[in-house]
Amino acid sequence: MKQTLAWTEYCKSLAPAIVETCAKVSVSSGPGALVKALGAALPEWKFRHALSRGGWYRLGGILDHQGERVSDNLESWVENALDERDGDFAALCDDFIDKKLYATRLVGQTHYLVASAGDSTDGFLQLEIEDLQEMRVHQLFANEPSTLEELVDPRGGADQPVPVGLPFYTFRRIQHIGAFLGRMLAQKPEPAPIHRMIDDWSKSSASNTSAYFNHWVIATREHLDRYHQPVFRAQPIATLAGEAPEFAAASGTTGLKLNEALSHFDRESGYPMAWYFHMLTSKAVPYWVAQAVVEDSLGGFAYLPQRDVDVVRHWLHQPYAL
C-alpha cells in the first residue's frame with residue numbers, strides 16, 4: 001500500500017509540467033508534437049501515443065447573440081437562475097425566452113499516452129490528455145423545454161454547431177496503472193476481471209513477446225457510492241487501429257483449421273494469444289473457441305504452448321469477461 005501511495009503522490013508531482021506543456025502545444029501540430037514536447041518537459045519518461053478516443057462531449061457555458069460570454073458553466077447558471085425563482089421552471093423559461101442565449105459544448109477526444117514504469121504487466125504510467133474545442137450549439141429556451149435536460153442538452157441539439165475558438169489540449173490525469181489496480185484490490189480483495197486479465201497476460205505467451213501497454217490501455221473511473229465508499233472501475237481498450245481482425249472460423253471448427261484461424265488473428269493483432277484477450281473484451285472471438293482449443297490439446301493436437309493451454313483451461317473453469 002505504501003508503494004501505491006508513493007506512485008499516486010509522484011504522479012501528482014508530474015502534473016504541473018504536463019499542464020504547462022499542454023498550454024504550449026498547438027493541437028494542429030498533432031499528437032507527435034505533444035509527445036516530443038512531453039519528452040523535453042519530462043525527459044525521465046519516454047511517453048508514446050497509444051490511442052485516441054473521440055465522439056464525446058461535455059456541457060460548456062453560455063454565450064449571448066453577440067458571442068459575449070454570459071457564463072462558463074451552463075449547469076451552474078441554470079441552477080442559480082432556478083434558485084432565484086424558487087425552482088419555478090416555467091418562470092425561468094418566461095424570463096429568458098427572448099434573450100437569445102446559446103449553450104456551448106466542449107467536443108473532444110482523449111489521447112492516451114503510456115510509458116514503462118517497471119517489469120510487471122501493469123507497471124506503466126498512463127497519461128490522459130484531452131483535445132477539446134468549444135462549440136456553440138442550441139439556442140436556450142427556443143425549443144420550449146419542459147425539463148431541465150431538454151433545456152441544457154436536448155437530444156440531437158437544435159442548431160448546427162459553430163466553433164467558438166481553436167481546439168486546445170488540457171491535462172486530464174496521469175496514473176500508475178499498477179497502483180490503481182492495487183487500490184482496487186485494497187478496497188475489494190476479490191480480484192476483478194481486469195486483475196485476472198493482467199494475470200493471464202503475465203502467464204501467457206503474450207508477456208514474452210510484448211508489453212501489455214503496447215496493445216491495451218485501461219479506462220479508469222473512481223467515484224463514491226451512497227455510503228461514501230470508493231468504487232473503482234477499469235475497462236481495457238485495445239489500441240488496434242480500427243476494428244479487431246475478423247475471426248475466420250465457424251462454430252465446430254477444430255484442429256488445423258482452428259489453428260490457422262487463431263494464428264491469422266494473432267498475426268493481424270501483433271502478438272500471441274490475441275484471440276483469447278479479444279474473446280474476453282471485444283467479443284471478436286466467440287467463447288466456443290476456448291473449449292475447442294482445450295479439447296484439441298487433450299486430444300494430442302498441441303498447437304498452443306502448454307502455458308497458454310493452462311490459461312484457457314483455467315478460464316473454462318472460472319470464466320470472466322470485461
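Start at helix α7, which spans residues 193-203: Asp199 and Lys203 sit four residues apart there, so about one helical turn separates them. Keep in mind that this is a predicted model. The side chains of Asp199 and Lys203 meet in a salt bridge, with N and O 3.0 Å apart. Asp199 is partly exposed, at 33% relative accessibility, and Lys203 is partly exposed too, at 47%. Why can such a pair form? Side chains of opposite charge can pair when their charged atoms come close.

Now turn to helix α1 (residues 2-24), where Glu9 and Lys12 lie three residues apart, again about one turn of the helix. A salt bridge of 3.5 Å, N to O, joins their side chains. Here Lys12 is exposed, with a relative accessible area of 53%, while Glu9 is partly exposed at 47%.

Elsewhere, Glu84 forms a salt bridge with Arg85, their closest N and O atoms lying 3.6 Å apart. Glu84 counts as exposed, at 62% relative accessibility. Salt bridges can also link up: Arg58, Glu130 and Arg172 form a network of them. Across the whole structure, a search finds 13 salt bridges.

Finally, visit Glu134 in strand β4, residues 124-139. Is Glu134 buried or exposed? Its relative accessibility is 14%, and because buried means under 20%, Glu134 counts as buried. The side chain of Glu134 makes a polar contact of 2.7 Å with that of Thr104. Beyond its neighbours within four places in sequence, Glu134 touches several residues, including Gly61, Arg69, Leu106 and Val162.

Key:
Residues are numbered from 1 along each chain as its sequence is written. This is a predicted model: local features need pLDDT of at least 70, side-chain atom pairs count only at pLDDT 80 or more; totals for chains, interfaces and linings use all residues. Side-chain values use heavy atoms; hydrogens and water are left out. Helices (H or I, at least four residues) and strands (E, at least two) are DSSP runs, numbered from the N terminus. Buried means under 20% relative accessible area, exposed over 50%, partly exposed in between (1.4 Å probe, protein chains only). A polar contact is a pair of N or O atoms within 3.5 Å; within protein, one must be able to donate a hydrogen and the other to accept it, and residues adjacent in sequence count only if both atoms are side-chain atoms. Contact means heavy atoms within 4.5 Å. A salt bridge is a side-chain nitrogen of Lys or Arg within 4 Å of a carboxyl oxygen of Asp or Glu.
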